[in-house]
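Subject: Structure for your review

Dear colleague,

Please find the structure below, together with its sequence.

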Amino acid sequence: MSNSCNNSGLSSTRRGFLRATAAGAIGFPMIVNSRTLGANSPSKRITMGIIGCGNQAEQDLKRWLPMEDVQVVAVCDVNKGSHGYKNDAQFLGREPVREMVEEAYAERSPTGLFKGCSSYVDFRDLLARDDIDTVAIITPDHWHAIQTIQAAAAGKDIYCQKPQSLTVRDGQEMIKAVRKYNRVLQTGSQWRSTTFLNGFCKAIREGIVGKPRHVLNYVAKNNFDGPGPGWKPMPVPEGFEYDMWLGPAPQAPYHEDRCFYRFRFVSDYSGGQTTNFGHHAIGLAMWALELDNTMPVELWNMGAEWPLRGDLFDTATKVHFGFRYADGLEMECVTSPKSFGVRIDGDKGWIETNGRKITGASSPEIAKAVPGAHTWDQFTAHYRRFIDCVKSREDPNEPVEIGHRVSTVCHLGNIAMQLDRKIRWDAEKETISGDREAAAMLERPLRAPWSYEV
Ligand SMILES: NC(=O)c1ccc[n+]([C@@H]2O[C@H](COP(=O)([O-])OP(=O)(O)OC[C@H]3O[C@@H](n4cnc5c(N)ncnc54)[C@H](O)[C@@H]3O)[C@@H](O)[C@H]2O)c1
């Protein structure tokens, strides 16, 4: 795959270097990455490449760009720039996002000018730059594993958006690569670092509802409908490298609803709201109940509903599955108008949160045990923790193993709903016992030339 960005014949590394130098010359401090100066240099700035410049990248950049010790030096997307994302106002892709980065830095530059962010079509060209310390992987879920593995092998630390993976096998391979190359990986579940939810989890662990017996994990209903049965392929838009968007997923005719944000409702690329909101909600319950290292032993369908046969969208329109842990604790994950949230019932009462505040409790005393409320700025802690860990080489608060386990519960829920039967999880062997059809769903073939090999 050639690097066709920026209309330049220069190699990506050379161009990146020239741009970095030019950036220093026009007023923004010279970009010197951590490897050049050494880990403890006071002027060290962590350099970052953004892979995937869509809806969530716009949100994530609001965290990365204001950080004084982080510099986004490159962006990558298979889309040059277009509308068609989550909402009509968004014009996204590698060129608009590159401009967004440069404008943000220009505002902080004494000259009001800044040019120092390169753009790439092929993430491997971005990974080949040895002046980049970290990458933020903000692509659709079917890319997370391969891009993480290749980034780890290239010596980058990784902020990988949730859900961590498309399949259980993806997650296993991601763990191997992150540990083999000694990289830091933070899964992008920003709710896991908020002050408010820290208080919620602390109160649960201190026994505010007593011994937990049952947990409800709420996920949002689908916010888009598919094109319906009989949908027709569309021409690939100019400036959109469709084959590189599909990557390891099966060959399939182009439709705008397949890509551009709505990919999350097509099972070749994502697990629907089960993995999208499920990773946040189930991840919160696991964190609160100290189950990050524990897996359920069985999972079952509780009445999932699906789009019409023949629609492009094929993930559940109504998510509903149950799961049980070895000690008898039961959880449910269900589509709800409450959107994201968790309700924990214990032997002394219950409490519910939507992540922003306490939305219900069995008594005013229980509700009052969790102080404060969520504010937008509280998400920054999750991103900050990643950068601090890049410097300290500690594990962040949702490292690759925890991200894998949270995503695995979601994937198993999807398998139980799809097969409409109880499945049993063998946590030691990381497989579904006694059900070959279900176990085969733990991985998918990767379309050549893509593989987990580096
Ligand atoms: N943490 C959160 O709260 C949160 C919220 C929304 C989305 N997300 C996650 O972020 C990820 C992206 O979701 P989104 O809503 O931004 O989707 P999106 O479709 O809006 O953006 C994804 C971008 O990735 C690009 N892309 C696809 N393949 C690529 C490749 N091979 N190389 C480079 N770019 C490629 C697409 O062209 C698109 O611009 C998903 O995993 C999603 O679950 C997390």
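Is Thr 408 buried or exposed? With a relative accessibility of 1%, Thr 408 counts as buried, since the cut-off for that class is under 20%. Please note that this is a predicted model. Thr 408 belongs to helix H13, which covers residues 400-419. A polar atom of the Thr 408 side chain lies 2.7 Å from the backbone oxygen of His 404. Beyond its neighbours within four places in sequence, Thr 408 is in contact with Val 168, Met 295 and Trp 425.

Domains

The domain assignment divides the chain into domain 1 (9-191) and domain 2 (193-371 + 400-440). Taken over C-alpha atoms, the centres of domain 1 and domain 2 are 27 Å apart. Contacts between them involve 37 residues of domain 1 and 42 residues of domain 2. About 3,300 Å² is buried between domain 1 and domain 2, and carbon and sulfur atoms give 63% of that area. On the domain 1 side, the residues that lose the most area to domain 2 are Val 78, His 142 and Trp 191, which together account for 26% of what that side buries.

Just after H6, Gly 155 has a positive phi of about 85°.

Asp 141 has a polar partner in Ser 270: their side chains are joined by a contact of 2.8 Å. Ser 270 is located in the loop between helix H9 (242-246) and helix H10 (273-288). At a relative accessible area of 2%, Ser 270 is buried. Apart from residues up to four places away in sequence, Ser 270 touches Asp 141, Leu 166, Phe 263, Arg 264, Thr 275 and Thr 315.

Helix H12 has 13 residues (380-392) and a span of 18 Å from its first C-alpha to its last, close to the 18 Å expected at 1.5 Å a residue. Its buried residues are His 382, Tyr 383, Phe 386, Ile 387, Cys 389 and Val 390. Viewed down the axis of H12, these residues fall within an arc of 160°, so they line one face of the helix. An α-helix has 3.6 residues a turn, so residues three or four places apart point the same way. The elements covering the buried residues of H12 include strand S1 (46-51), helix H3 (55-64), strand S2 (70-76), strand S4 (134-137), strand S5 (157-161) and strand S6 (185-188).

In helix H8 (residues 195-205), the buried residues are Phe 196, Leu 197, Gly 199, Phe 200, Cys 201, Ala 203 and Ile 204. They pack against H10 and against strands S11 (341-346), S12 (349-353) and S13 (358-361). Just after H8, Gly 207 has a positive phi of about 95°.

Backbone geometry

Most residues other than glycine have a negative phi, and most peptide bonds are trans. The following residues and bonds may be read against that background.

- Arg 393, which follows H12, is not a glycine but has a positive phi of about 70°. Arg 393 lies in the loop between H12 and H13 and is partly exposed, at 40% relative accessible area.
- Ser 339 is likewise not a glycine and has a positive phi of about 65°. Ser 339 is in the loop between strand S10 (330-335) and S11, and is partly exposed, with a relative accessible area of 26%.
- The peptide bond between Lys 162 and Pro 163 is cis, with omega about -15°; Pro 163 lies in the loop between S5 and helix H7 (168-180).
- A cis peptide bond also joins Ala 448 to Pro 449, with omega near 10°; Pro 449 is in the segment after helix H14 (436-440).

Lys 422

Finally, Lys 422 sits in the loop between H13 and strand S14 (423-426). Lys 422 is partly exposed, with a relative accessible area of 34%.

Yours sincerely

How values were computed: Residues are numbered from 1 along each chain as its sequence is written. This is a predicted model: local features need pLDDT of at least 70, side-chain atom pairs count only at pLDDT 80 or more; totals for chains, interfaces and linings use all residues. Side-chain values use heavy atoms; hydrogens and water are left out. Helices (H or I, at least four residues) and strands (E, at least two) are DSSP runs, numbered from the N terminus. The expected span of a helix is 1.5 Å times one less than its number of residues. Buried means under 20% relative accessible area, exposed over 50%, partly exposed in between (1.4 Å probe, protein chains only). The arc is that of the directions from the helix axis to the C-beta atoms. Contact means heavy atoms within 4.5 Å. A polar contact is a pair of N or O atoms within 3.5 Å; within protein, one must be able to donate a hydrogen and the other to accept it, and residues adjacent in sequence count only if both atoms are side-chain atoms. Domain bounds come from an automatic or database domain assignment. Buried area is the accessible area (1.4 Å probe) that two parts lose on being put together, summed over both.
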